[in-house]
Amino acid sequence: QVQLVESGGGLVQAGGSLRLSCAASGRISSINVMGWYRQAPGNKRDLVATITRGGSTNYADSVKGRFTISRDSAKNTMYLQMNSLKPEDTAVYYCKVDLNTPLVTQAYWGQGTQVTVSS
C-alpha cells in the first residue's frame with residue numbers, strides 16, 4: 001500500500017555532485033522522520049542524514065558540509081544533494097520513511113540506488 005521510489009544515483013567523478021530523490025506514495029496519513037542510509041560492499045548500512053517533519057536535520061560526520069537533506073511535504077518527497085563527492089561515498093543509498101497510514105505506523109525502505117564515485 002505504500003511505495004518508495006528512489007532516483008538520481010549514478011556514476012560521477014570525485015568532486016562532482018548528484019541529487020537523490022525519494023518519493024513516497026500510497027495510503028499515507030502523515031510522514032514523520034525521513035532519512036537516507038548507505039551501504040558499501042561488506043559494510044553495514046549506515047545513517048547518512050535524517051530530517052524530521054519540522055525540518056530538523058541530522059548528518060553523519062563524514063558528510064557534514066557536503067550533503068544537504070531536504071523534503072517537500074506537499075509531494076511526500078525527500079532529497080539528498082551530494083556535493084564534493086569522494087570515492088568513499090560509493091555505496092547503495094537507501095531512503096527510509098517513518099510514516100502513518102490509516103492502519104499502522106511503521107518504517108518503509110526504498111529499493112536502493114547505486115552511487116559510484118570514481119577517483
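Modeller: Let's start with strand 1 and strand 3 (residues 18-26), which run antiparallel and are joined by six bridges. Keep in mind that this is a predicted model, where local features need pLDDT of at least 70, side-chain atom pairs count only at pLDDT 80 or more, and totals for chains, interfaces and linings use all residues. Residues are numbered from 1 along each chain as its sequence is written, and side-chain values use heavy atoms, with hydrogens and water left out.

Biologist: What makes strand 1 and strand 3 a pair?

Modeller: Two strands pair if DSSP finds at least two bridges between them. Here there are six, so they pair. One example is E6, whose bridge partner in strand 3 is C22. The strands themselves are DSSP runs of E, at least two residues long, numbered from the N terminus.

Biologist: And which strands form the open sheet?

Modeller: Four of them, in the order 1-3-8-7, with antiparallel pairing. Strand 1 (2-7) and strand 7 (67-72) are the edge strands, as each pairs on one side only. From one strand to the next, the twist averages 15°. Strand 7 is joined to strand 8 (residues 77-82) by six bridges, again antiparallel; R71 has M78 as its bridge partner in strand 8.

Biologist: Why is N100 called buried?

Modeller: Buried means under 20% relative accessible area, exposed over 50%, and partly exposed in between (1.4 Å probe, protein chains only). N100 comes out at 16%, so it counts as buried. This residue sits in strand 9 (residues 91-100).

Biologist: What makes the link between N100 and S30 a polar contact?

Modeller: The rule asks for a pair of N or O atoms within 3.5 Å; within protein, one must be able to donate a hydrogen and the other to accept it, and residues adjacent in sequence count only if both atoms are side-chain atoms. The side chains of N100 and S30 are joined at 2.7 Å, and those of N100 and T105 at 2.6 Å.

Biologist: How do you know that the charge of R45 sits over the ring of Y94?

Modeller: NZ of Lys or CZ of Arg has to be within 6 Å of the ring centre and within 35 degrees of the ring normal. For R45 over Y94 the distance is 3.6 Å. R45 also lies over the face of W109, at 4.7 Å from the ring centre.

How values were computed. Helix = DSSP H or I, 4+ residues; strand = E, 2+ residues; numbered from the N terminus. Axes fitted to C-alpha atoms, helices over the stretch in contact; angles between N-to-C directions.
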